[in-house]
Amino acid sequence: MAESESGADKSEEPTDKRVRESREKGQLARSKELNTVAVTLGGIGGLLASGGSMAGSLMAMMQNSFELSRETLLDEGAMVRLLMSGGMVALEAVMPLLIVLMIVSIIGPISLGGWLFSGKSMAPKFSRMNPGSGLKRMFSTHALVELLKALAKFFVVLMVALAVLAAYQDDLLSIAKQPLDLAIMHSVEVVGWCALWMACGLILIAVVDVPFQLWDNKQKLMMTKQEVRDEYKDSEGKPEVKSRIRQLQRDAAQRRMMQAVPEADVVITNPTHFAVALKYDGSKGGAPMLVAKGSDFVALKIREIANEHQVTVLESPALARAVYYSTELDREIPAGLYLAVAQVLAYVYQLRQYRAGKGKRPDPLSTLPIPPDLRRDE
């Protein structure tokens with residue numbers, strides 16, 4: 001089990017945030033052995049595929065460069081032309097191989113961990129200049145693994161090379177008896193196949209290294225229980241901070257609600273425990289809206305503001321409780337309360353007319369029709 005710098009056990013799986021941050025820093029599982037095998041096999045495969053034409057082109061270039069006529073030797077500009085033509089022939093000969101190497105050099109690294117470009121990974125790290133940290137890396141488990149891999153590669157390549165040389169011994173000896181052009185072609189073929197078999201030996205190292213790199217990268221990302229808790233606090237917010245934010249939000253909402261009370265048409269009370277303020281705008285249509293509601297101290301504050309701004313305050317315990325529990329702030333009342341609220345608004349309108357001297361005093365409201373499913377008894 002991995003340990004952190006503080007000595008705590010890293011027993012927890014890495015979180016998505018930890019994995020995402022490590023990727024942004026360029027910390028991915030990478031296998032140099034896999035990259036080496038990909039480039040080596042790709043290069044040798046390209047050499048075997050284009051080796052014949054490459055050897056023929058290079059041999060023709062050499063013939064043109066060394067078989068010079070007397071007129072060519074006396075021509076001052078001939079050497080430049082020969083150099084340019086020879087360079088073009090050589091470039092055309094090796095271009096297929098270079099293209100293959102470029103492709104496999106890209107595919108090799110991204111085959112494990114995917115494509116990633118991180119500026120943070122390219123930034124200089126002055127901590128690596130610390131001699132103490134350098135000595136620690138030299139004698140770390142990672143350095144030991146790298147040493148073992150280097151020794152394993154040496155012995156694997158050595159054993160495969162001896163086996164390949166033994167298998168191609170007759171071909172190598174026969175090259176000395178062949179004409180020059182055939183010997184060159186034969187040499188390229190033998191060298192290509194020998195190199196291919198030796199590169200195949202590196203596949204064994206890559207097969208072992210890839211799982212190790214995946215395991216090692218996961219171990220580096222493992223977290224302690226404290227790190228998981230700290231990350232949760234950072235992402236979700238500390239409880240005391242979240243509580244303070246919620247309190248500020250409630251205070252702001254309450255201030256906005258109190259500012260809407262003077263614009264209400266009526267405030268219906270319990271009379272002491274609950275208070276709801278309703279507003280109806282006939283020009284917009286729809287049902288009356290709840291613009292403020294509260295209980296206990298907030299209810300008292302709503303009644304005070306309503307009295308200060310001469311908003312009608314009406315006592316109807318059953319309707320006040322029904323509206324309070326069934327309707328959210330700044331929402332229309334439910335359809336079941338339309339008739340009861342309509343009677344209240346009609347009473348408020350008649351009361352305003354009476355106070356303005358334009359009508360008689362309305363009769364007090366009788367029991368309002370509230371559906372059983374919306375009734376809330378204290």
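1. Two strands count as paired if DSSP finds at least two bridges between them. With that in hand, look at the sheet. This is a predicted model. In the model, four strands form an open sheet. Their order is β3-β2-β1-β4, and the pairing is mixed.

2. Next, the edges. Strands β3 (289-295) and β4 (312-315) are the edge strands. Each of them pairs on one side only. On average, neighbouring strands of the sheet are turned by 20 degrees against each other, direction ignored.

3. Now one strand pair in detail. Strands in a sheet pair through backbone hydrogen bonds, and they may be parallel or antiparallel. Strands β1 (residues 266-269) and β2 (residues 274-279) run antiparallel. Four bridges join β1 to β2. Val267 has Ala277 in β2 as its bridge partner.

4. Last, a pocket. The second largest pocket holds about 180 Å³ of space. Its lining includes Lys279, Tyr280, Asp281 and Lys284. Gly285, Gly286 and Ala287 are also among the lining residues.

5. What classes of residue make up the lining of the second largest pocket? Five are charged, four are nonpolar and two are polar.

Definitions and conventions. Residues numbered from 1 in each chain as written. Predicted model: local features only at pLDDT ≥ 70, side-chain atom pairs only at ≥ 80, totals over all residues. Heavy atoms only, no water. Helix = DSSP H or I, 4+ residues; strand = E, 2+ residues; numbered from the N terminus. Axes fitted to C-alpha atoms, helices over the stretch in contact; angles between N-to-C directions. 1 Å grid on protein atoms, 1.4 Å probe; cavity = no way out; pocket = protein on both sides within 12 Å on 5 of 7 lines; lining within 4 Å. Points joined across faces, edges and corners; volume = space filled by probe spheres on them. Nonpolar A, V, L, I, M, F, W, Y, C, P; charged D, E, K, R; others polar.
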